[in-house]
Amino acid sequence: MTDGNGTVALAFSGGLDTTVCVSLLKEEYGYDEVVGVTVDVGQPDYEFEEAEETAEALGVEQYVVDAREEFADLCLKAVKANADYQGYPLGTALARPVIAKAILDVAEQEGCDGIAHGCTGKGNDQLRFEAIWRDSDLEVIAPVRELGLTREWENEYAAEKGLPVEGGDGGRYSIDTNLWSRSIEGSELEDPSTIPADDIYKWTENPSGKEAELVEVTFEDGEPVALDGDELGSVELVEQLNDQAGAHGVGRTDMMEDRMLGLKVRENYEHPAATVLLTAHEALEGLVLTQEERAFKAQVDQQWSQKAYEGLVDAPLVSALEAFIDDTNERVTGTVTVKMEGGHCRPVSRESDYAVYSESAASFDEETITGGITQQDATGVAKYHGFQSRLANDILEDAKED
């Protein structure tokens, strides 16, 4: 802990954890001044309004950093890597390194002595933030973790100190929102047997009998660049698709997630645009990549996703993985039409000049294949197919009879 007479930069949202941290950083850690840094990665406007009001009430100087474009670019890298973790599109994990870097930049520019977050010692975010910060000379402080605080204690402390707390939904849930996803956890949702109330979802409507909608996604070098022929910037494209797909209930996940520390937690997510873009991208890769490339890329994608989940997108391994991803995605250029209906989305057509596909060769209406290959040529292949397995089974049967 510091002896005082210093300034600390705090990852500041204006919620319960960070509001309490402002007071604790002065009382328990001896800092003279706390600088709040709020990073915009696509949160709703009201979150910034609440953070600004809370910072003003606490007498904290607040910096707001716009990192939406940088975050959107990372999300589109995730699309090229077909990135998910245990079946859901990465969202919070992708945002944390972007936020951490922005806070560190402010801390260094302002000559801070320390840098702090309000993460618990049970979650992933503490690791994602500190992986970036511990590469600096600043003291890293985590009051909630280091003091073993609970949500109940924080609420009581805030009431005792008269702190202006905006807990979000009365503090009932822990909600994290960014351009790419919205996560909801805590309260009764911590019981895996609890059926969530419909009102926990804000981005996605309940699947209903609403008429299906088609959306055409255009890709260039693996990145989405247009919807229904209209070219859009990355942020605008994701925002528009969140609205379109969310109206059909696309992009809900209710899962048991294994965190990095080994804890298993119940998580609820909304990710409409991510679901559609990942679905469309994988469909286009299926058209243009060879069987061997697809099989090997699945391994590369899994490794990229794991490092992204850990918040280690700057690791040397990630750079090497992206070299392969970028090389294969130079051919992932074309369009995919996705059908959104009843909480689901699926590709219904795909086109590309790089298609590794011959309609005549695959057609049941054509007698020959291509390049002088005929259907009869498959007879020899069929005779050999399964030969070793048949031989092994015969030997086993003979052995049993003996």
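Asn-206 touches Asp-198 and Arg-252, leaving aside residues up to four places away in sequence. This description concerns a predicted model, and it starts with this residue before turning to the chain as a whole.

**Asn-206 and its neighbours**

Asn-206 sits in the loop between strand S9 (182-185) and strand S10 (213-220). Its relative accessibility is 37%, and Asn-206 therefore counts as partly exposed. Both of the residues named above are also partners in side-chain polar contacts: the side chain of Asn-206 is joined to that of Asp-198 by a polar contact of 3.1 Å, and to that of Arg-252 by one of 3.0 Å. Another residue to look at here is His-248, which is 42 residues from Asn-206 along the chain. The C-alpha atoms of Asn-206 and His-248 are separated by 7.5 Å.

**The chain overall**

The chain holds 14 helices and 16 strands. Its C-alpha trace spans about 85 × 65 × 40 Å along the principal axes. Of the 402 residues in the chain, 47% are buried. Among contacts between residues at least 6 apart in sequence, 73% join residues at least 24 apart.

**Two threonines**

Thr-253 lies in strand S13 (residues 252-258), while Thr-18 has its place in helix H1 (residues 16-27). Thr-253 has a relative accessibility of 13% and so counts as buried. Thr-18 is buried as well, with a relative accessible area of 7%.

Leaving aside residues up to four places away in sequence, Thr-253 touches Tyr-88, Glu-267, Asn-268, Tyr-269 and His-271. With His-271 there is also a polar contact of 2.7 Å between the side chains.

| Side chain | Partner side chain | Polar contact |
|---|---|---|
| Asn-206 | Asp-198 | 3.1 Å |
| Asn-206 | Arg-252 | 3.0 Å |
| Thr-253 | His-271 | 2.7 Å |

**Packing of helices H3 and H9**

Two packed helices are described by the angle between their axes and the distance between the axes. Helix H3 (residues 68-80) packs with helix H9 (residues 272-288) at an angle of about 40°, and their axes are 9 Å apart. H3 is therefore oblique to H9. On the H3 side, the residues in contact are Ala-78, Val-79 and Lys-80. On the H9 side, they are Leu-277, Leu-278, His-281 and Glu-285. The residues of this contact divide into four nonpolar, one polar and two charged.

**Cysteines**

A disulfide is a covalent bond between the sulfur atoms of two cysteines. How many disulfides are counted when the two sulfur atoms must lie within 2.5 Å? The count comes to zero disulfides.

Cys-75 gives one example. Its sulfur is 17 Å from the closest cysteine sulfur, that of Cys-345, which is too far for a bond. Cys-75 is buried, with a relative accessible area of 1%.

Cys-119 is likewise in no disulfide. The nearest cysteine sulfur belongs to Cys-21 and is 8.9 Å away. With a relative accessibility of 13%, Cys-119 counts as buried.

Note on methods:
Residues numbered from 1 in each chain as written. Predicted model: local features only at pLDDT ≥ 70, side-chain atom pairs only at ≥ 80, totals over all residues. Heavy atoms only, no water. Disulfide = S-S within 2.5 Å. Buried < 20%, exposed > 50% of the residue type's maximum accessible area, 1.4 Å probe, protein only. Axes fitted to C-alpha atoms, helices over the stretch in contact; angles between N-to-C directions. Helix = DSSP H or I, 4+ residues; strand = E, 2+ residues; numbered from the N terminus. Parallel < 35°, antiparallel > 145°, perpendicular 65-115°, else oblique. Contact = heavy atoms within 4.5 Å. Nonpolar A, V, L, I, M, F, W, Y, C, P; charged D, E, K, R; others polar. Polar contact = N/O pair within 3.5 Å; in protein donor to acceptor, adjacent residues only side chain to side chain.
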